[in-house]
Amino acid sequence: MNTKQELIVAIEKGLKNLGVENPTTFLTYPTHIEMGDYTSNTAMVYAKEFGRNPLELALEIKEFVVAQDIRHIKRIDVIKPGFINFFFDEKYFNSEISKPLVSEVYKGKKFFIEHTQPNPFKEFHIGHLMNNTIGESIKRIVVANEGEVKTATYHGDKGLHVAKAVWGIKNSIDFQNAYAEGHNAYEDNEESKKEIIEINKKIYDSSDEEINNIYINGRTRSFEKFESIYERLNSKFDYHFYESESGEIGRKIVQENIGKVFEQGENGAIIFQGENFGLHTRVFLNSEGLPTYEAKEVGLAEIKKEIYNYDTSVTITANEQDAVFKVVECAIRQVFPELNGKLHHLSHGMLKLPSGKMSSRTGNIISAESLIEQVREKVLEKISDREFSESEKGEVAEIVAIGAIKYSILRQAIGGDIIFDFEKSLSFEGDSGPYLQYSVVRAKSILSKVTDSEASLSDIPEDWQTTNLERLLERFSGVVEKAGREYAPHYLVTYLTELAGEFNSFYANGKIIGEDSDSKYKIALTQVFAQTMAKGLELLGVKVPERM
């Protein structure tokens, strides 16, 4: 039991002495680091129960804790309206920051995380890039919290959107523009609309050789492109699921549950009456008996639960699909009651450039690759005067560009829209991905000059005063735990940005390598900082170049 755990036990024991039957205490980090290492609002929580003044109750709890003589507690402050702030001594931090990342929030729990979901015959656009960045980071953070994770991406490889693209290719439109042209034709021309509907049927029943060839070649071309983008983003999947598989399974499940979960709607369509659950009604089989997106999700639920016995299934989509997913997941729970409480839909906003929103329907889209290349070119401009070989410059530019984009996506809470700012995202000062990468590179550069490799945290000088760098390093496991519990990578981004700032202040306030009595300890702190930053960036899916 470490000092933090002993402190929680002591506070709860004190509350029991005061008459609280089953007290629960949490220690959190103060808003400002100078206010203490940990803080508790316990007195304010239980003051109402006793009809007491929270400040007076806080003072009583403090007196009880002081009497316990808990190791490593240096000072306890009570401040209005009843917070109890705890300060730990140098030996506590010296011991805690030397420990590896430890968080067992999800130990023994199994997760299925689905994200990215690009559709063949369409561009892998910046929305997919945003989704992939969020999904990959959440996967890594859950694994860091001892969760067992399987990842999947899901592709709409059959459906009206595919038929529109196949129609475009059949009419000699180039692959990249085929979907947009097909969509416009479907909307504007009744004859073209009929042709596209017929193509859609032929794709489903594989009844036309020409259509089959266009479909198979386009599908293959799309997935090869997607794989090359995943590789650039350092993202891998355990499973690839397809609507061509889930659709037939979903259609069968819906048909088997007509009169139980689903019912007949207008024009022969099969619907789920969402109004019965405070939602809205949606079609699951259309009037021609073909499965809609919703039915395919039911089929996907069947595939997932059969392939992996998960405790939680997390599906990440844009928030434009929130209303759809509320209905779909409600229907899935009616069909598969055993999944009740296991489905979690996590939605994010849009990634936009200053020019505005994109639309694959009009062809006005921004591909992920085009954004990466634009940012990469700007990085190359910034490092043009560095003494790197051309291949090194290219490698650094790639890592820094993708890191800058991922940081911009993950820096704020998931849910809101993000406007990507080229200048801010590439700043080497402050709130940016390159700033964090550079702080690691700087630390490693310092360590590369160390001739004495035996520096360790056991070399703490007798007169050493705990720095904010040590205080922040001690918080790493707690931040990873919080980010895991809430599926919130932005907590980790905020933490790493603050940590990098503290290291740069530490670096600026005195030489790290030298003949000073505290030099070995400073070197050891720098080693821990570099390891912590690198691990934190890894959890965000951000690589660090060797040089910058």
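This is a predicted model: local features need pLDDT of at least 70, side-chain atom pairs count only at pLDDT 80 or more; totals for chains, interfaces and linings use all residues.
A residue counts as buried when its relative accessible area is under 20%. Arg282 itself is partly exposed, at 24% relative accessibility.

Helix H11 (residues 293–307) also packs against helix H10 (residues 243–256), at an angle of about 95° and with the axes 6 Å apart; the two helices are therefore roughly perpendicular to each other. Contributors to the contact include Ile249, Gly250 and Ile253 of H10, along with Val298, Gly299 and Leu300 of H11. By type, the contact residues of H10 with H11 comprise 8 nonpolar, 4 polar and 4 charged.

Turning to salt bridges in general, the whole structure contains 31. One of them joins Asp417 and Lys352, with the closest N and O atoms 3.3 Å apart. Asp417 sits in the loop between helix H14 (390–410) and strand S13 (418–419), and Lys352 in strand S12 (residues 351–352), so the pair links parts that are 65 residues apart in sequence. Asp417 is partly exposed at 41% relative accessible area, and Lys352 is partly exposed at 22%.

Within helix H18 (residues 476–485), Glu481 and Arg485 are 4 residues apart, about one helical turn, and their side chains meet in a salt bridge (3.3 Å, N to O). Finally, salt bridges with shared partners connect Lys225, Arg232, Glu369, Glu373, Arg376 and Glu398 into one network.

Key. Residues are numbered from 1 along each chain as its sequence is written. Side-chain values use heavy atoms; hydrogens and water are left out. Axes are lines fitted to C-alpha atoms, for helices over the stretch in contact, and angles run from 0 to 180 degrees between N-to-C directions. Angles under 35 degrees count as roughly parallel, over 145 as roughly antiparallel, 65 to 115 as roughly perpendicular and the rest as oblique. Contact means heavy atoms within 4.5 Å. Ala, Val, Leu, Ile, Met, Phe, Trp, Tyr, Cys and Pro count as nonpolar, Asp, Glu, Lys and Arg as charged, and the others, Gly among them, as polar. A salt bridge is a side-chain nitrogen of Lys or Arg within 4 Å of a carboxyl oxygen of Asp or Glu. Buried means under 20% relative accessible area, exposed over 50%, partly exposed in between (1.4 Å probe, protein chains only).
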